[in-house]
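Hi,

Here is the model I said I would pass on.

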Amino acid sequence: VQLQASGGGLVQPGGSLGLSCSVSGSASSPNILGWYRQAPGKQRELVARANSAGATQYGDSVKGRFTISRDKDTVYLQMIGLKTDDTAVYYCRGEWQPSGSLWGQGTEVTVSS
């Protein structure tokens with residue numbers, strides 16, 4: 001089973017960027033697909049996640065600016081109004097309850113002028 005993320009890059013403050021992450025090799029869709037991020041010197045934190053029923057949860061720092069959406073085995077993160085504090089490595093994560101979870105490889109997002 002693999003989670004393949006894409007879409008990171010360099011963007012100016014106030015700009016927009018989209019990420020996507022697809023699950024492959026799994027017999028069942030994950031119960032939860034989400035995004036986490038880790039900035040240099042900081043702990044990994046929740047950005048947003050969505051369950052298979054469409055319910056979503058956001059980290060406080062991204063509410064109103066980021067939108068998560070999901071299409072079965074693919075999860076998207078649309079980011080607008082990006083700030084320098086959003087600079088981090090973004091990781092997708094799939095959770096299969098009760099069997100376990102899996103991290104994808106990170107994709108870098110750099111917000112800088």
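The structure holds 2 aromatic pairs, where rings of Phe, Tyr and Trp (its six-membered ring) pair if their centres lie within 6.5 Å, with planes under 30 degrees apart counted as stacked, over 60 as edge-to-face and the rest as tilted. Take Tyr36 and Trp103: the ring centres are 5.1 Å apart and the planes sit at 75°, so this pair is edge-to-face. It links distant parts of the chain, with Tyr36 in strand β4 and Trp103 in strand β10 (residues 100-103), 67 residues apart. The second pair is Tyr91 with Trp103, and with centres 6.3 Å apart and planes at 80° that is edge-to-face too. Here Tyr91 comes from strand β9 and Trp103 from strand β10, 12 residues apart. Taken together, the ring pairs link Tyr36, Tyr91 and Trp103 into a cluster.

Before I go on, the housekeeping. This is a predicted model, so local features need pLDDT of at least 70 and side-chain atom pairs count only at pLDDT 80 or more, while totals for chains, interfaces and linings use all residues. Residues are numbered from 1 along each chain as its sequence is written, and side-chain values use heavy atoms, with hydrogens and water left out. Strands (E, at least two residues) and helices (H or I, at least four) are DSSP runs, numbered from the N terminus.

Back to the cluster: which of its rings are buried and which are partly exposed? Buried means under 20% relative accessible area, exposed over 50%, and partly exposed in between (1.4 Å probe, protein chains only). Tyr36 is buried at 13%, and Tyr91 also counts as buried at 17%. Trp103 is partly exposed, with a relative accessible area of 34%.

A charge sits over a ring if NZ of Lys or CZ of Arg is within 6 Å of the ring centre and within 35 degrees of the ring normal. Arg44 lies over the face of Tyr91, at 3.8 Å from the ring centre, and also over the face of Trp103, at 4.5 Å.

Counting heavy atoms within 4.5 Å as contact, Gln38 touches Gln43, Arg44, Ala88, Val89 and Tyr91, leaving out residues up to four places away in sequence. Gln38 is partly exposed, at 29% relative accessible area.

The strand itself is worth a look. In β4, 6 of the 7 residues are buried, so the strand is largely enclosed by the rest of the structure. Two strands pair if DSSP finds at least two bridges between them. β4 pairs with β5 in the antiparallel sense over 6 bridges, with Arg37 opposite Glu45 in β5. These two strands form a hairpin with 6 residues between them, and Gly41 in the turn has a positive phi of about 80°. β4 is also joined to β9 by 7 bridges, again antiparallel; there, the bridge partner of Ile32 is Glu95.

Then there is an open sheet of 4 strands, in the order β1-β3-β8-β7, with antiparallel pairing. β1 and β7 stand at the edges with a single partner strand each, so one side of each has no neighbour in the sheet. Between β7 and β8 there are 6 bridges, and Arg70 has Val75 in β8 as its bridge partner.

Finally, the core. A nonpolar core here is a set of buried Ala, Val, Leu, Ile, Met, Phe, Trp, Tyr and Cys residues joined through side-chain atoms within 4.5 Å. The largest one has 26 residues, and those with the most contacts inside it are Trp35, Val47, Phe66, Leu77, Met79 and Tyr90. Elements giving two or more residues to this core include β1 (2-6), β3 (17-24), β4 (32-38), β5 (45-51) and β9 (88-96). Val47 touches, among others, Trp35, Phe66, Leu77 and Tyr90, not counting residues up to four places away in sequence.

One contrast to end on: Asp60, in the loop between β6 (56-58) and β7, is exposed, with a relative accessible area of 65%.

Cheers
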